[in-house]
Amino acid sequence: MLRNRSLLGLLTAELVSLTGSSMTFVALPWFVLVTTGSTAKMGWVLAAEMLPIAIFGIPAGSLIARIGAKRTMLVSDAARGPLLLVLPILHHTGHLTFPALLGTAFAIGVFAAPYFASSRIVIPEVAGEDQRAVTEVNAILGGANQLTQLAGPVLAGVLIAATSASTVLVIDAFTYVFSFLTIALVVRAGKRVQPTAASRGILAGVKFLMHDTLLGPINFVAQGLIVGIQGLAYFRYDGNAHVLGFLFGAFGVGALIGSLAAQQLARRANLMKLAAFAIVAMPLPLFVLSASLPWGAALVVVAAFSFFAPLVNAPIIGMLTVRTPEALRPKVMTAVMTVATMAGPLGFLGAGIALRYISLSTLFIVLPALLALGGLAFATILLRQSAAPDLPGVASVAHG
């Protein structure tokens, strides 16, 4: 698979651009937190970037089908680079206000859903219409992406401490330029999708999912973990930016190992049973964070949590992609991402506001408990359907 030129191009583009994005994901809320001391405002900024995915995600499926996945990725990269430069320019000139920060974060988030959905839609063109092969490629892409979760936060912590958060934003802007050039010159996939009667209409993907027999429950609390991790570094570990970077880097370490495991297991395991086991096990380590731990121990806990995410995502996205008719894939993928991402703003805001009234210890009891309940419900559905020989489609909410 790695000899495929288009796959290598896609891997390279995502490695670079997502490294920059993961740096910004740490730097942007950290900037808000250290300048205002408000977890609520930090939650608002994170929510502003996630909210447009929920609003524009479903209509983006029509755009992808009309102009093709490759062109959609190019448009997304071409827009996000200049938008990110707006923030350091305003900050440098003394004109960066909180409303301007929210507006720019929202504008950047508009292009997230089209890009992610497009990068997954091209996979069957690269790997063929085999469910296990598509799952394996998803695991490879997931592993590459998790490298960014390791390198990006650590680099962000070092750069923030040595320079400023604005420097991180400038670097991220140029990673989008690199991604644009790589996709334009190397990737030979992502053609325009020919419409069918079933694929017409903005809500065609939603209608397909509504008739699916494996529509998983929605979990609205997973994104609250991001605010919790920022809170750990700020309140429990003395506002240390280096610890913040290491904590987010631990997500990458655990998920990278999980992606390698998912790639191997995709060749022989029952994909539904694998996802069912992983989604139940994933939140259990988080309960340990309710205790006051040395930051080194907290790294291990975070890595253990993130290890299970690829074991859920790769099988589910693989099954979903192959079982969905080609003409419907753009709209189905954007619909699934929209449903999953709708949890983001609620999770960010809820956790940010909750930390004004409850302790970190309480948050890390309530949050994993809610995750565990949602995971058990989803695992029950997966196990009931795992013996079914033919399913019209698979839809779920990807965690992680």
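Q: Which residue forms a salt bridge with R80?
A: Happy to start here, in a predicted model where local features need pLDDT of at least 70, side-chain atom pairs count only at pLDDT 80 or more, and totals for chains, interfaces and linings use all residues. Residues are numbered from 1 along each chain as its sequence is written, and side-chain values use heavy atoms, with hydrogens and water left out. A salt bridge here is a side-chain nitrogen of Lys or Arg within 4 Å of a carboxyl oxygen of Asp or Glu. With the closest N and O atoms 3.2 Å apart, the partner of R80 is D77.

Q: How many residues apart are R80 and D77 in helix α3?
A: Helices (H or I, at least four residues) and strands (E, at least two) are DSSP runs, numbered from the N terminus. Helix α3 covers residues 69-93, and about one helical turn separates R80 and D77. Their spacing is three residues.

Q: Is D77 buried or exposed?
A: Buried means under 20% relative accessible area, exposed over 50%, and partly exposed in between (1.4 Å probe, protein chains only). R80, its salt-bridge partner, has 8% and is buried. At a relative accessible area of 2%, D77 is buried.

Q: Which residues have the most contacts inside the largest nonpolar core?
A: A nonpolar core is a set of buried Ala, Val, Leu, Ile, Met, Phe, Trp, Tyr and Cys residues joined through side-chain atoms within 4.5 Å. The largest has 61 residues. Apart from it lies another core of 31 residues, including A69 and I317. In the largest core, the residues with the most contacts are L225, I229, L232, L247 and L289.

Q: Which residues does L232 touch, not counting residues up to four places away in sequence?
A: Contact means heavy atoms within 4.5 Å. L232 is one of the residues with the most contacts inside the largest core. Leaving out residues up to four places away in sequence, L232 touches Y237, L247, L289, L360 and F364.

Q: Are α4 and α5 roughly parallel or roughly antiparallel to each other?
A: Axes are lines fitted to C-alpha atoms, for helices over the stretch in contact, with angles from 0 to 180 degrees between N-to-C directions. Helix α4 (residues 98-110) and helix α5 (residues 112-121) have axes that come within 4 Å and cross at roughly 25°. Angles under 35 degrees count as roughly parallel, over 145 as roughly antiparallel, 65 to 115 as roughly perpendicular and the rest as oblique. The two helices, α4 and α5, are therefore roughly parallel.
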